[in-house]
Amino acid sequence: MVGVKKKEIRIGMVGYQFMGKAHSHAYRDLPFYFDNPLKPVLKAISGRNEEAVKEAQKKMGWESYETDWRALIKRDDIDVIDIVTPNHTHAEIAIAAAEAGKHIITEKPLALNVEDAKRMLTAVRKNGVKHMICHNYRFVPAVQYAKQLIDEGRLGKIYHYRGSYLQDFIIDPNFPLIWRLQKEISGSGALGDIGAHSIDLARFLIGEFKEIVSTMDTFIKERPIGEMTGGLSAKGNSEEMGEVTVDDATSFLARFENGALGNFEATRFAAGNRNKNKFEINGEKGSIRWDMENMNNLEVYFTDDEEGVQGFRMINCTEEVHPYVGAYWPAGHIIGYEHTFIHLMDEFLRGIAGDYQPSPNFEDGVKNQILLEAIEQSAKDKKWIEIGS
Ligand SMILES: NC(=O)c1ccc[n+]([C@@H]2O[C@H](COP(=O)([O-])OP(=O)(O)OC[C@H]3O[C@@H](n4cnc5c(N)ncnc54)[C@H](O)[C@@H]3O)[C@@H](O)[C@H]2O)c1
């Protein structure tokens with residue numbers, strides 16, 4: 001309504017590189033496209049390097065900056081803490097934020113291990129704050145539509161879930177030893193970095209895992225020391241070499257609670273695959289498949305289609321009936337990666353405004369972490385593992 005000022009929600013973000021850019025953009029564009037009851041205000045960002053954080057503050061449109069995340073959390077002009085730092089920092093920052101009464105959104109994976117993940121869940125529950133984990137691929141309109149079709153029973157009983165997430169950005173043995181390749185900072189390698197998204201998509205689309213068995217490997221054992229420079233790029237700092245302490249590739253088989261069989265692969269050594277996050281689901285009445293590299297399209301096959309014209313049909317999920325896209329452009333005028341974050345933030349702020357707990361949240365993060373830990377254990381023990389809660 002013209003003239004009615006929306007209630008503001010003041011965001012404080014920790015970190016400001018790859019995901020910092022994606023989240024900042026989402027807060028900025030959200031009110032432009034969606035009629036959310038809350039208007040995000042980009043209040044402050046924090047980073048350890050003053051010059052760099054100052055530059056990021058200006059470039060991404062934040063009102064102020066801090067050089068210590070603890071100072072950010074202490075501020076009483078901040079309602080939400082958004083965590084876009086490496087995985088080993090999530091638990092400490094999230095627990096401190098919860099204790100300060102801030103709502104929290106954190107990047108995935110939730111933590112380095114199940115113990116920390118559970119402590120985070122306890123902290124947000126105890127302090128009654130809203131929480132979300134950034135599994136943004138749930139928020140692709142085509143994925144949301146796939147979920148609708150499955151929930152309507154259009155595929156019938158589900159037999160197979162095939163999920164793979166393939167990248168190739170570290171295939172060069174000289175690619176530096178970034179934080180993503182160090183266990184004490186990242187928890188695991190391809191598994192937690194990208195396999196976690198496949199796990200979340202499978203849980204979202206067809207339900208809980210019952211048991212898993214896995215294998216994993218590290219192809220390049222040593223790399224030159226270096227650091228991320230934004231996105232998935234990095235630079236080496238010296239001639240010095242360091243040990244890679246995480247998996248380069250992980251594969252696992254699964255059984256789901258609903259009886260479906262699962263087949264999963266996460267690797268950063270699949271040459272030519274830049275960000276091939278994909279799934280195929282086969283049910284008694286048909287199949288659905290999707291691939292992030294063509295994210296607006298959903299391929300659907302129904303067994304009861306007329307003989308002679310049977311085959312996968314390609315649906316461009318940009319029609320008014322498809323989730324979220326009505327807020328943007330006419331049909332066929334496609335959207336992209338950054339929009340998945342806008343949809344996720346929209347859900348987060350609606351949860352805060354409407355006093356309900358949005359998903360995926362820390363509970364999903366804990367379930368995901370239980371799977372990550374079990375998959376690592378299974379590869380060590382060469383055994384199937386039952387998934388507990
Ligand atoms: N949802 C997705 O698709 C997606 C994609 C990429 C990354 N991620 C996740 O987002 C998080 C950040 O990843 P990224 O790619 O943006 O990383 P990045 O390396 O690009 O940026 C990390 C940021 O954290 C800051 N930082 C690093 N160590 C810190 C510390 N100890 N204390 C405070 N700040 C610190 C850095 O200065 C930088 O601003 C990770 O948890 C990662 O798994 C998610």
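Pro 360 sits in the loop that runs between helix 9 (337-354) and helix 10 (362-381), where helices (H or I, at least four residues) and strands (E, at least two) are DSSP runs numbered from the N terminus. The peptide bond from Ser 359 to Pro 360 is cis, with omega near 0°. The model is predicted, and local features need pLDDT of at least 70, side-chain atom pairs count only at pLDDT 80 or more, and totals for chains, interfaces and linings use all residues. Residues are numbered from 1 along each chain as its sequence is written. A cis peptide bond is also found from Lys 108 to Pro 109, with omega near -15°. Pro 109 belongs to the loop between strand 5 (103-106) and helix 5 (114-127).

The protein contains 10 helices and 17 strands. Its radius of gyration (taken over C-alpha atoms) is 21 Å, which agrees with the value near 21 Å that a compact globule of 389 residues would have; the globule rule is 2.2 Å times the number of residues to the power 0.38. Along the principal axes, the C-alpha atoms of the protein fill a box of roughly 65 × 60 × 40 Å. Buried residues account for 46% of the 389 residues. A residue is buried if 20 or more other C-beta atoms lie within 10 Å of its own, exposed if 12 or fewer, and partly exposed in between, with C-beta atoms placed from the backbone. Of the contacts between residues at least 6 apart in sequence, 70% join residues at least 24 apart; two residues are in contact if their C-beta atoms, placed from the backbone, lie within 7 Å.

Helix packing was examined next. Two packed helices are described by the angle between their axes and the distance between the axes. Axes are lines fitted to C-alpha atoms, for helices over the stretch in contact, and angles run from 0 to 180 degrees between N-to-C directions. The axes of helix 5 and helix 10 come within 9 Å and cross at roughly 170°. Helix 5 is therefore roughly antiparallel to helix 10; angles under 35 degrees count as roughly parallel, over 145 as roughly antiparallel, 65 to 115 as roughly perpendicular and the rest as oblique. Helix 5 contributes Val 114, Ala 117, Lys 118, Met 120, Leu 121 and Val 124 to this contact, and helix 10 contributes Phe 362, Glu 363, Gly 365, Val 366, Gln 369, Ile 370 and Glu 373. The residues of the contact of helix 5 with helix 10 comprise 8 nonpolar, 2 polar and 3 charged. In this division Ala, Val, Leu, Ile, Met, Phe, Trp, Tyr, Cys and Pro count as nonpolar, Asp, Glu, Lys and Arg as charged, and the others, Gly among them, as polar.

Helix 5 also packs with helix 4 (residues 90-99), their axes coming within 8 Å and crossing at roughly 10°. Helix 4 and helix 5 are therefore roughly parallel to each other. Their crossing is left-handed, a term used if the near helix is turned anticlockwise from the far one by less than a right angle, and right-handed if clockwise. On the helix 4 side, Ala 91, Ala 94, Ile 95, Ala 98 and Glu 99 meet Asp 116, Arg 119, Met 120, Ala 123, Val 124 and Asn 127 of helix 5. The residues of this contact of helix 4 with helix 5 divide into 7 nonpolar, 1 polar and 3 charged.

Helix 6 (residues 141-151) and helix 8 (residues 190-206) pack at an angle of about 35°, and their axes are 9 Å apart. Val 143, Ala 146, Lys 147 and Ile 150 of helix 6 meet Leu 201, Phe 204, Leu 205 and Ile 206 of helix 8. The contact of helix 6 with helix 8 has 7 nonpolar residues, no polar and 1 charged.

Several loop residues were also examined. Tyr 324, in the loop between strand 16 (313-316) and helix 9, has a phi near 70°, a positive value in a residue other than glycine. Tyr 324 counts as buried because 21 C-beta neighbours lie inside 10 Å. Glu 320 lies in the loop between strand 16 and helix 9 but counts as exposed, with 8 C-beta neighbours inside 10 Å. Glu 320 and Ala 331 are 11 residues apart in sequence, and their C-alpha atoms are 7.3 Å apart in space. Lys 382, in the loop between helix 10 and strand 17 (385-386), has a positive phi of about 55° although it is not a glycine. Lys 382 has 9 C-beta neighbours inside 10 Å and counts as exposed.
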